[in-house]
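Subject: Structure for you to look at

Hello,

Here is the structure I said I would pass on. Please open it next to this email; my notes come below it.

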Amino acid sequence: MASREIEVEAKFKVPSLEELEKQISVMNGERTASKEFTDEYFDTDTPTLTLQNHWLRYRKYAGMEGSWQLKKPTNVASNDGTESIPVAIYEEIEGIQAVRIATSIITERDVDDVEDERSLLLLGGLKSFAKIITRRTRWTLLPMNENAVIKNICIDIDVADFGHSVGEIEAVVDNEDKINEARNQIDAIMKEMGIESANPEDKAEGKLEMFLRTQRPNHFRLCIEAGVL
């Protein structure tokens, strides 16, 4: 059985890209990648998936084959009230299985026998509602100490094609027992970076969140009312 991939992540504002990269370097961060990719998000007209905090996308890196990804909530609460800023926790499913799960949620039926992604999209009434091109710079932080449970924590700095910039600290774990440790390490990094305010005005807005707010206001309103944004 393939191991689970659970993402523990926290977004933050990027007031100055140059100053932020200097700060990450001082924190023993190593610049490990710079890539461009396109995310296309899919849902029904309702929209059924996003209102249940499920996010289906097709991600394609420049010059490479694309892949389906479904981000879905875990059984662990995203925030326990102790973090400096909100932390999101998602399990990520990749490949055709991501589309199968999304379609089964919508149709409330078993679709494991459907092999073709186009058939799954049609069966679920899934349509593209957002397309975002992102330039991402990734920094990898060295472990905080040799006994750290979470060895690799990354800081991604994203710039979307519509001009929005956002930072994200991410740890990937393979089971829910490691989530609290990942959350604690991310919170410690945030504090070291001076990002401690829980003021709603300081909340970082993700790329898709801003896209929905500015380009799909009705979809955005429904997500706000459902409490998923």
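**Lys207 and its surroundings**

Leaving out residues up to four places away in sequence, Lys207 touches Ile132, Thr134, Arg136, Asp158, Ala160, Phe162, His164 and Val166; contact here means heavy atoms within 4.5 Å. Lys207 lies in helix H5, residues 207–215. Helices (H or I, at least four residues) and strands (E, at least two) are DSSP runs, numbered from the N terminus. Lys207 counts as buried because its relative accessibility is 13%. Buried means under 20% relative accessible area, exposed over 50%, and partly exposed in between, with a 1.4 Å probe and protein chains only.

**How the model was treated**

The model is predicted, so local features need pLDDT of at least 70 and side-chain atom pairs count only at pLDDT 80 or more, while totals for chains, interfaces and linings use all residues. Residues are numbered from 1 along each chain as its sequence is written, and side-chain values use heavy atoms, with hydrogens and water left out.

**The chain overall**

The protein chain has six helices and eight strands. Of its 229 residues, 45% count as buried.

**Helix H1**

In H1 (residues 17–26), Leu20, Glu21 and Ile24 are buried. These residues are on the same side of H1 because they cover an arc of only 95 degrees around the axis, the arc being that of the directions from the helix axis to the C-beta atoms. Glu18 and Val26, on the other side of H1, are exposed. The cover over the buried residues of H1 includes strands S1 (6–12), S2 (29–43), S6 (127–141) and S7 (153–160).

**Salt bridges**

Side chains of opposite charge can pair when their charged atoms come close. A salt bridge is a side-chain nitrogen of Lys or Arg within 4 Å of a carboxyl oxygen of Asp or Glu. The whole structure holds 21 salt bridges.

One of them joins Asp39 and Arg59, with the closest N and O atoms 2.7 Å apart. Asp39 is in strand S2 and Arg59 in strand S3 (residues 55–61), so this pair links distant parts of the chain, 20 residues apart. Both Asp39 and Arg59 are buried.

Asp174 and Lys178 also form a salt bridge, at 3.2 Å from N to O. Asp174 is partly exposed, with a relative accessible area of 37%. Lys178 is also partly exposed, at 29% relative accessibility. Elsewhere, salt bridges that share partners join Arg136, Arg138, Asp156, Asp158, Glu170 and Lys207 into one network.

Regards
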